[in-house]
Amino acid sequence: MAQSTITFRIPDDEKELVVEYAKAHNLSLTKLYRTAVLEKIEEQIELELLNDAIILSKEKEEEGISQIDMEQLLEGVYI
């Protein structure tokens, strides 16, 4: 798989913090940044999907169900 290089600048004090964090968690800077960026993107996608589902549910005027009611329904399925 082809790879690219991304370069960015951060203040020295932030770099020191990031380097120490990476060392403490036994991560390379590349792995730390890559993981953080990809997790942020995934969180954003999940949030957008949740918001879309909420909007769709409201448009269909669906009613919610309490956790207790859901647990009772599931008890019948898993017994």
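Which helix holds both Glu-20 and Lys-23, and how many residues apart are they? I looked this up first, keeping in mind that the model is predicted. Both residues lie in helix H1, which covers residues 12–24. They sit three residues apart, or about one turn of the helix.

**Entry: salt bridge.** I searched the whole structure for salt bridges and found one. Glu-20 pairs with Lys-23, and their closest N and O atoms are 4.0 Å apart. Glu-20 has 44% relative accessibility, so I noted it as partly exposed. Lys-23 has a relative accessible area of 59%, so I noted it as exposed.

**Entry: negative charge.** I turned next to charge on the surface. Asp-12, Asp-13, Glu-14 and Glu-16 gather there in a patch of negative charge. I placed Asp-12 in helix H1. Its relative accessible area is 66%, and therefore Asp-12 goes down as exposed.

**Entry: nonpolar surface.** Which residues make the nonpolar surface patch? I listed Val-37, Leu-38, Ile-41, Ile-45 and Leu-49. The patch comes to about 460 Å². I took Ile-41 for a further look and found it in helix H2, residues 29–59. Is Ile-41 buried or exposed, or partly exposed? I recorded Ile-41 as partly exposed because its relative accessibility is 43%, and the exposed class begins over 50%.

How values were computed
Residues are numbered from 1 along each chain as its sequence is written. This is a predicted model: local features need pLDDT of at least 70, side-chain atom pairs count only at pLDDT 80 or more; totals for chains, interfaces and linings use all residues. Side-chain values use heavy atoms; hydrogens and water are left out. Patches are made of residues with over 30% relative accessible area and no salt bridge: like charges are joined within 9 Å, nonpolar side chains (Val, Leu, Ile, Met, Phe, Trp, Tyr) within 5 Å. Accessible areas come from the Shrake-Rupley method with a 1.4 Å probe; for residues, only the protein chains shown count as cover. A salt bridge is a side-chain nitrogen of Lys or Arg within 4 Å of a carboxyl oxygen of Asp or Glu. Helices (H or I, at least four residues) and strands (E, at least two) are DSSP runs, numbered from the N terminus. Buried means under 20% relative accessible area, exposed over 50%, partly exposed in between (1.4 Å probe, protein chains only). Lys and Arg count as positive and Asp and Glu as negative; His and the chain ends are not counted. The place of a charge is taken as NZ of Lys, CZ of Arg, CG of Asp or CD of Glu.
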